[in-house]
Amino acid sequence: MGDVTRTDWIWMDGEFVAWEDARIHILTHTMHYGYGAFEGTRAYKRSDGGTSVFRLDDHLGRLANSSHILQLPLPFSREEIRAATLELLKRNKLESCYIRHLVYIGQGAMGLNPGDNPVRLAISTWPWGAYLGEEGLAKGVRCKISSFTRPFPNSLMTKAKVVGNYVNSILAKREAISLGYDEALLLDLDGNVAEGSGENLFMVRNGKIYTPPLNNVLEGVTRRSIMELAEWKGHTLEERGFTRDEVYTADELFMTGTAAEVTPIREVDDRQIGNGKPGPITRDLQDTFFAIIAGDVPEWSHWLVDVPMAARASDQDSKATSAAAS
């Protein structure tokens, strides 16, 4: 994880702003009340040297849905946001990075009714490696069942990536870290394991894959991708709830998310999962996922949106030299 690495540009309300000038007022409404929506997306360097954004249109679709759920009209069209995202990646010359879209309510009225405060949009990009660490990707992570419960659908808008919803996730994550674990797993109100603090969950038992249904988890883009890949690879998958003791006795466990990608789980509540190593189904899906984002699986190339990168200085020098010689 670590600190955010500075880049050159941030896009704010239709303009490219220098990193150090990307500022908001202290009375920005969303900062006080958490009423806003965001999206996380990743761009990856492909094997051929190019850069692609993974399922950009699906992520922008979810951003639009989150904003609609919150009754926050997007101030730009989806096509404008898409173009701005690709241009920002080009300007920042990032081959692999994380992309954050943020829809927020600006300065104006305070209190719980934002009234006619302007709805604003910002896009940021920065280099970000493995969210749960390279070792976690390779060997699996240790998780703790959290004392915090996943929000109930009638208490919060759980199908939207709402800024304020993540207070629950932060509390669960901090608790798990303070107790020496890598990540938290949250139960729903029925006592079933719902998801991680920022990841969807998959369980493998007797060769079959299970994942919690969408009634009380975020509809993850990576979650949906892995479900499609599992079917393509010939695995059997079922959406159903499962309890913590089922998790303890699982053959394999793994989490998915834009930040977490496909991360195996080797232990939950000090109980080893399977043989304590990433299992064959987990590894198969993880390897396939990383091959796809590298551009090495033509069948799934439609998931990748190409980024027209700016010419490097060395390339420009080379062209200038060739032109002079001719």
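**Helix packing and nonpolar cores**

Helices α6 and α8 are roughly perpendicular to each other, a label that covers angles of 65 to 115 degrees. This is a predicted model, so local features need pLDDT of at least 70 and side-chain atom pairs count only at pLDDT 80 or more, while totals for chains, interfaces and linings use all residues. Residues are numbered from 1 along each chain as its sequence is written, and side-chain values use heavy atoms, with hydrogens and water left out.

Helix α6 spans residues 221-232 and α8 residues 280-293; they pack at about 110°, with axes 10 Å apart. Helices here are DSSP runs (H or I, at least four residues), and strands are E runs of at least two. On the α6 side, T222, I226, L229, A230 and W232 make the contact, meeting L285, T288, F289 and I292 of α8; contact means heavy atoms within 4.5 Å. Sorted by type, the residues of this contact come out as seven nonpolar, two polar and no charged.

Next come the cores. A nonpolar core is a set of buried Ala, Val, Leu, Ile, Met, Phe, Trp, Tyr and Cys residues joined through side-chain atoms within 4.5 Å, with buried meaning under 20% relative accessible area (1.4 Å probe, protein chains only). The largest has 27 residues, and W11, V53, L89, I99 and I123 touch the most other members. At least two residues each come from β3 (36-45), α2 (56-69), α3 (78-92), β5 (97-105) and β6 (119-126), and α3 gives the most, with five. Apart from this core lies another, of 22 residues, including Y131, L132, Y210 and V268.

How values were computed: Axes are lines fitted to C-alpha atoms, for helices over the stretch in contact, and angles run from 0 to 180 degrees between N-to-C directions. Angles under 35 degrees count as roughly parallel, over 145 as roughly antiparallel, 65 to 115 as roughly perpendicular and the rest as oblique. Ala, Val, Leu, Ile, Met, Phe, Trp, Tyr, Cys and Pro count as nonpolar, Asp, Glu, Lys and Arg as charged, and the others, Gly among them, as polar. Buried means under 20% relative accessible area, exposed over 50%, partly exposed in between (1.4 Å probe, protein chains only).
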